[in-house]
Amino acid sequence: MADTRTEMSDAAGTKTPRTERGRKTLRKLLDASAEEFGEKGFHEASVSSITRRAGVALGTFYTYFDSKEALFQALVQHLSSQVKVSAGKSVGDLKAGGQFNAFDVEQAALSSFLDFAREHKEIYRIIDESEFVDPQAYRAHYEGTAQRILARLREGAAQGEMRDDIEEAHAWALMGMNVFLGLRFAVWSDEKSSESVAMAARSILEHGIRAAGPKAGE
């Protein structure tokens with residue numbers, strides 16, 4: 001029998017379970033929906049197929065979500081949160097290990113994202129589709145990511161390790177690079193290690209790609 005003890009629905013129609021059993025069922029639905037939406041897309045996916053994948057009764061779905069749209073929105077928020085948690089853990093582990101600088105932090109964050117994207121390739125299709133299914137969640141995902149990057153860059157600037165004119169545009173540029181590196185080296189292929197790709201990206205941050213000027217006297 002489904003755990004029906006849930007808190008009130010949020011604006012998206014998602015009901016938050018108050019027990020561990022309910023939270024496990026919710027995670028099953030989110031995991032199953034990631035597979036379903038990732039394979040079929042939002043419009044071809046069905047609630048009945050998602051519940052079959054999750055191994056729960058169809059009626060249980062409505063204990064947690066008011067609609068397929070509500071589930072999709074919750075999934076986008078969940079995936080965005082997982083990316084944040086994954087990067088946060090990698091950066092936290094780096095800082096706990098001893099000496100590090102701002103470029104080490106960005107390398108660790110990107111490497112973590114690439115590993116996450118390799119394990120959850122469906123994130124690209126789901127996030128891209130959310131632009132049309134749930135534009136607010138789509139925008140929130142990227143704005144939240146950019147703000148976290150900006151905070152890290154400004155911390156690096158405050159430590160004297162990065163330029164002192166860091167602004168929001170720098171964060172969005174870095175995020176754009178990371179997104180397409182993930183598409184190329186996590187979703188389309190894994191021919192290069194996450195670490196080697198992150199090191200290449202680091203070289204752009206740390207040294208830039210401008211050719212050295214002529215030496216004095218030449």
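Colleagues, the model is predicted: local features need pLDDT of at least 70, side-chain atom pairs count only at pLDDT 80 or more, and totals for chains, interfaces and linings use all residues. Residues are numbered from 1 along each chain as its sequence is written, and side-chain values use heavy atoms, with hydrogens and water left out.

A cavity here is a set of points, on a 1 Å grid over the protein atoms alone, where a 1.4 Å probe fits but cannot get out; lining residues have an atom within 4 Å of a point. Volume is the space filled by probe spheres set on points joined across faces, edges and corners. There are 2 cavities of 30 Å³ or more in the structure.

I begin with the largest cavity, whose volume is about 90 Å³. Among its lining residues are Lys95, Phe100, Ala102, Glu106, Arg152 and Met162. Helix 5 (102-119) and helix 7 (135-158) are the elements that give two or more residues to this lining; helices are DSSP runs (H or I, at least four residues), numbered from the N terminus. Helix 7 provides the largest share, 4 residues. By class, the lining has 5 nonpolar, 3 polar and 4 charged residues. Ala, Val, Leu, Ile, Met, Phe, Trp, Tyr, Cys and Pro count as nonpolar, Asp, Glu, Lys and Arg as charged, and the others, Gly among them, as polar.

I turn to the second largest cavity, which holds about 60 Å³ of space. Its lining includes Phe103, Glu106, Leu174, Met177, Ala198 and Arg202. At least two lining residues come from each of helix 5, helix 8 (168-187) and helix 9 (194-207). This lining has 7 nonpolar, 2 polar and 2 charged residues.

Note on methods:
1 Å grid on protein atoms, 1.4 Å probe; cavity = no way out; pocket = protein on both sides within 12 Å on 5 of 7 lines; lining within 4 Å.
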